[in-house]
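I opened the notebook today to look through this assembly one chain at a time. Here is what I looked up, in the order I went.

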Amino acid sequence: MLMTVLPADRPTGRLARRNPVTKLAATAAPALVLMVSLDLVTPAIIVAVTLVALPFAQLRLRLLLARTRFVLYGVVTVGLVNAAFSAHPSGRHLLDVGPVHLTTGSAHAGAAIALRALGIALPGALVLASTDPVDLADSLVQQLRVPAKFAYGTLAALRLLPLLAEEWQVIAMARRARGIDAGRSPVRAARLFFSQVFGILVVAIRRGTRLATAMDARGFDSGLPRTEARRQRVGAADILLVMTAVAIALAAVLISAAVGAWRPLVLG
Amino acid sequence: MQDLKFNPRPRVRRGWRTVDVVVAAVVSVAFGVVFWAWSQLYTATSPAFSSIPPVQGLMVGMWLVPGVLGGLILRRPGAALFCEFVASIVEMLLGNQWGTTNMLYGFFEGLAPELLFALFLYRRWNLPVALLAGGAAGVADFCLDWFYAYPTYSIAWLTAYGAAVLLSCVVIAGAGSWVLARALAVTGVLSVFSSGREQAAV
Amino acid sequence: MPGARVELRGWGWRHAGRKAWALRGVDLVIEPGERVLLLGPSGAGKSTLLAALAGLPDPETAGDDEGSLTVDGRPARDVRLGTGLVLQDPETQLVMARAGDDVAFGLENRACPADRIWDRVREALVTVAFPYGLDRSTTDLSGGEKQRLAIAGVLALAPRLLLLDEPTANLDPVGADLVRAALTAVLAETGATTVLVEHRVEEALPLVDRVVVLESGGGVIAAGPPARVFAEHAETLAAQGVWLPGRSVPRRRSPARPGADVLCAEGVTFRYPQADQPVNAPLDLTLRAGEAVVLTGPNGSGKSTLAMLMAGLRPPATGSVRSAGRDKPLHQWRARDLAAAVGTVFQEPEHQLLARTVHDEVALGPRLQGAEDEQRVDELLTRLRLHGLSAANPFTLSGGEKRRLSVATALATRPAALVLDEPTFGQDALTWSELLGLLADLRDAGSAVLAVTHDLAFAEALGDRQVALG
């Protein structure tokens, strides 16, 4: 169910205690390196190191699985479509059906792309599974000087997610109750969908307006310098985390280049 | 009770009001739900079919609605970027296959219509501008897909995919957002925004 | 700190884009520490007045004002940090994910030194008898608990003027009692000047010492001690939809025996997707022609879910709901056939609105059946007092008008059964009585009626049979 995806409890464990903004910075390093690398070795190293580091993060397994389930599905899809629709099928032919040409060469390319996608997405999933949204908002305001209006305004809106998910289903039921369903017609399905989008937007905007009123009534737009009930700090361990991530990302590229595997991204 | 300041006169703000931020964010959260339902809709029809890129391309437009619609509703610099970016974060929180990459997509898919609205100096909010904004978002999405998801594609596939994305974005994100914004204005829920106050006094 | 003094002189307000004034010529003085109950018909501008007292309307965009409105001799907007506001909807007053953080939110906004915040948060939570710790997830709270948390958030700011806009209207009776108890404690502690808007006068009276009655589009028409105002203006107030203390509710039980079975549920349970256990034990329920069944039970007992199962809108996990004479379970019917057999009225009327005008909204059902029925549309619009509004956009109607419209849409296809989820929720006494009369008439004419409600007076007045879920 959609509404159970957001964790109600504060995440715990070693990684959960790190500063949210520095955690984001730590995931950016491998992501940037992988965006410009197309070979198999670079992402393989990064994925391997991430997996080895997993036990040290002390994450709850259930949360992590909830976060990575969809990622794995996406990774496999990306690998398959790249293998199947490759521009330069080479090597031995494995499968030829219509437009699909699967060769050893394209399978290798597909695997590389899939690992690359995994290497970008996996560290991000770790950060998500170990970060409380409130901590993230606090950290964005305190470390990155993001305006409180945007950080807490967005956080407050996020609270409405389960409610809006529920209302989406009620709006669908209400349309059926009025005598409208899609049947087998895709055109009617599309019209029905847009009508539901409209319905949820009306509800969302009304609630958003009321929420903003309640926030301003408690002085959110007072213009006073806000104090902070919760402190987010950057410590030595946080800096070490970022430096380690940068080191791993660079090492992955260097090792890949040293064994002659590194292939920078060239489009086309 | 002396530690609370009661008297400073709240200054008159320029830029975003609380209601602008919160409504933009709630609309984005609603689209997190919409995206979830939309992907259910088309994976339900046929997983194999929907994995063929050009077909997938026809569905893309829905993901680019929040940026264009956010711009049309709020009519403020930054609204398109903010809405698309926040919607992508919500979608990521709900769990989708792109993980954190989703934020990167959201940023550029919001930046494109934002620049388009800026090109018209945030003064034109009519249908042609909405169509162009949808198209701009589509170009951004296509480039990201090319870069991230389909770097090994042949030119033929890329062309077919790109055409599908562009068509989808102009129709769903462009025209769709414009229709939604108009329909919302008529209901009165946008009365605190300039987009909702265009009708004559009633 | 003593309460604030409120003074209005010839004050008026017009919303942006409107020609008519929402309020005009309001003269009113509220002395420090005084507690005022503000009454008036829906649409009389009570909420508008509260928002203005809170200094909330955006001076650039929200509308025009005339006359003067001052709090402690200054414009309300300048002293608004000393004003607390509690609104009706529990869902849109909380900001943060955890209870303690939410109370702290206002203190942070007002630059309360960080080391003093948490003591004040704890004190405020104790005063409203909040039953959980600081880390309690705000999403997991009941409506009444959410309202008490919102009150704590206001209390922590030590307001001098407290504005309460129907704080219990969206709550079940138990939750509403607890919120009123919390308000009593807060008023005793702060001594703040208080303005309360509330339809249910009887429950509100212990909280106030003066009553002020507003007129739609006008000013104050009565003010004084509650007993005197109610004695002198009983008829006016009743006509405005105010729930006067001691007014009796008409009983509309069916004089006849129930007729044939219309809808039959056998052994139904409901399970959320991906949940292991069903929400409820297997249930049997039969709706019969000419009988009104009332479904009661605490929040979370599954009464709304059961109503949606009976209406064929959710698939049951086990068992089935069938319409008399047809084998196919109701949830598998085509929407068109379902709408002709069962009319459903949702708790939130906006969820079921689809058309651009009130007329088209009512005409939609018959049109989808392939039988335009202008006569039926006219009849319903007249019966539900919506005729003057037939060209209006449904979303722009007032709460009571939307409720009547949603009932009209459900009746347009002349269904044999009518299912309603909390039809009286948040309605004033006028709409309440109208709904009671309408549903009783339908039942007497042979319809099967199922109403989910936590409104005990409504259940008592209408229910030929009461089913309590626990």
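Before reading any sheet, I noted the rule for pairing: two strands pair if DSSP finds at least two bridges between them. I also kept in mind that this is a predicted model.

**Entry 1, the sheet in chain C.** With that rule I followed an open sheet of six strands in chain C, in the order E6-E7-E8-E3-E9-E10, with mixed pairing. Strand E6 (83-86) and strand E10 (220-224) of chain C are the edges; each has a single partner strand, so one side of each lacks a neighbour in the sheet. On average, neighbouring strands of this sheet are turned by 15° against each other, direction ignored.

**Entry 2, one pair up close.** I then picked strand E3 (residues 35-39) and strand E8 (residues 193-197) of chain C, which run parallel and are joined by four bridges. Leu38(C) has Val197(C) in E8(C) as its bridge partner.

Which elements make up chain B? I found eight helices and zero strands. Of its 202 residues, 55% count as buried. I also checked contacts in chain B with a separation of 6 or more: 74% of them are between residues 24 or more positions apart.

Notes: Residues numbered from 1 in each chain as written. Chains lettered and ligands numbered in written order. Predicted model: local features only at pLDDT ≥ 70, side-chain atom pairs only at ≥ 80, totals over all residues. Axes fitted to C-alpha atoms, helices over the stretch in contact; angles between N-to-C directions. Buried ≥ 20, exposed ≤ 12 C-beta atoms within 10 Å, placed from the backbone. Contact = placed C-beta atoms within 7 Å.
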